[in-house]
Amino acid sequence: AGRRKLARLTLIVTLLLASFQAYSIASALQNISGLVDEPGSWFLLSATASMVGGVFFMIWLSEQITRRGIGNGIALILSVNILLTFPAEVATAIELMRQGIVSGNLVLFNAVVWVAFVVMIVLVEGARRNVAVQYAPRQVGKRLLAPRNTVLPIKLNSAGFLIPATVTPWLFYLPLASANVVFGHTAWLAGAFEHMQFAKPTHVILGAIVIFALAFIYTAYVLDPERAAETLQTQGGTIPDVKPGEDTADYLDRVVSLTTIVGAAYLVVVSLIPEALAAGGMALPYKIGGGSVLVVVCTILDQIGRAHV
C-alpha cells in the first residue's frame, strides 16, 4: 500500500514537471518567427499534450521492461538513447581531426581519458565494504542451522547512478525556468543562465555540492542502519566485538557514513572530469558527459550480473 501511494505521488509530480517543461518548450517554439504555422492556444495545448503523453508512454514502457526482469527500464531507455548518439560523436571527432580543426594528439588524449574513466567506473561500482557477520546456531522449524560466518556487503556507491545523473540538472534549471516564466527574460536572469552553462565555474561548484548532498540523501533512504541491526538481531547475527542492537546500528551508521563520503566524492569526480576538460580547452565538442557514461556503464554491468544469475 505504501509503495502504491508513493507511485501515485511520483506520477503526480512527474505530470506537473512534464507539463511545465512541455508548456515552456511549446511557448519557446511558438515565439520563433516562421516556425509554427498557426501559433496560439490550440498549438500550445496540442504540443504540450503531445510531449506529456510521450513522457507517460516512456514511463509505461520502462515499467514493462522492469516488471519483466530485463533490467531497470528507465536506465535501459536512457542508455539506448546515449549509445545511439555515440557513433555520431566519434564521427564528428574524426571529421574535425581530418579537417585540421583539432589535433590528433587531442583526440588520442580524449580517447585515453575516457577509457580510463570507464575503467574507474567499473572498478568503483564493483567495490564493496564487507562487514563481517557471525550467525549463531538456531532452530528453524525442524531443522537446526549450524553456526556460520558471512559478510554484509555495502557498496561504495550506494546512491546508484540515476539520481545524481538525472536529478541534478533539474535542481539547477527548474528554478531558473520558473523565474523566467514569472519575471520574463531579464538581464539578471540571462546572467544566471550564462553562469550555469556547462564548464562554467558556478556550474562546477554548485554541481559538486548538489551531487555530494544527493549521494548522502539517497544512501540514507536505501540503507537504514537501525533496520539492518534489527534484522541481524532477529536472525541471530552479530558483528564481532560489537553488541547487538543499538551498538550495531551505531557501528553500521559509521561504516555507511564513511563509505558514502568516498562514494559521493567518486560521483563528484565522475561529473567534474568532463567539465574540467571542457573548461581547460582539452575536450572535443561531444555531448556525452560523465553522468551519461555512468548510466551506460552501470546499466551494462547490471545486465552482465543478470546474465550470470
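Reader: Where is Asp241 found?
Author: Asp241 is found in the loop between β5 (237-238) and α9, where helices (H or I, at least four residues) and strands (E, at least two) are DSSP runs numbered from the N terminus. This is a predicted model, in which local features need pLDDT of at least 70 and side-chain atom pairs count only at pLDDT 80 or more, while totals for chains, interfaces and linings use all residues. Residues are numbered from 1 along each chain as its sequence is written, and side-chain values use heavy atoms, with hydrogens and water left out.

Reader: And what is the phi of Asp241?
Author: Asp241 has a positive phi of about 65°, although it is not a glycine. Most residues other than glycine have a negative phi.

Reader: Is Asp241 buried or exposed?
Author: Asp241 counts as exposed because its relative accessibility is 87%, and the cut-offs are under 20% relative accessible area for buried, over 50% for exposed and partly exposed in between (1.4 Å probe, protein chains only).

Reader: Changing topic, which residues form the negative surface patch?
Author: The negative patch is formed by Asp224, Glu226, Glu230, Glu246, Asp247, Asp250 and Asp253. Patches are made of residues with over 30% relative accessible area and no salt bridge, with like charges joined within 9 Å and nonpolar side chains (Val, Leu, Ile, Met, Phe, Trp, Tyr) within 5 Å; a salt bridge is a side-chain nitrogen of Lys or Arg within 4 Å of a carboxyl oxygen of Asp or Glu.

Reader: Which element gives the most to the negative patch?
Author: That is α9, with four residues. Asp224, in contrast, lies in the loop between α7 (201-222) and α8, and it counts as partly exposed because its relative accessibility is 36%.

Reader: Which residues form the nonpolar patch on the surface?
Author: Leu6, Leu9, Val13, Tyr221 and Val222 form it, with about 480 Å² of accessible area together (Shrake-Rupley method, 1.4 Å probe, with only the protein chains shown counting as cover for residues). The largest share, three residues, comes from α1, whereas Tyr221 lies in helix α7 and is exposed, with a relative accessible area of 59%.

Reader: What about the inside: how many residues are in the largest nonpolar core?
Author: There are 21, and those touching the most other members include Phe117, Tyr266 and Leu294; a nonpolar core is a set of buried Ala, Val, Leu, Ile, Met, Phe, Trp, Tyr and Cys residues joined through side-chain atoms within 4.5 Å. The most comes from α10, with six residues.

Conventions
Lys, Arg positive; Asp, Glu negative; His and termini not counted. Charge placed at Lys NZ, Arg CZ, Asp CG, Glu CD.
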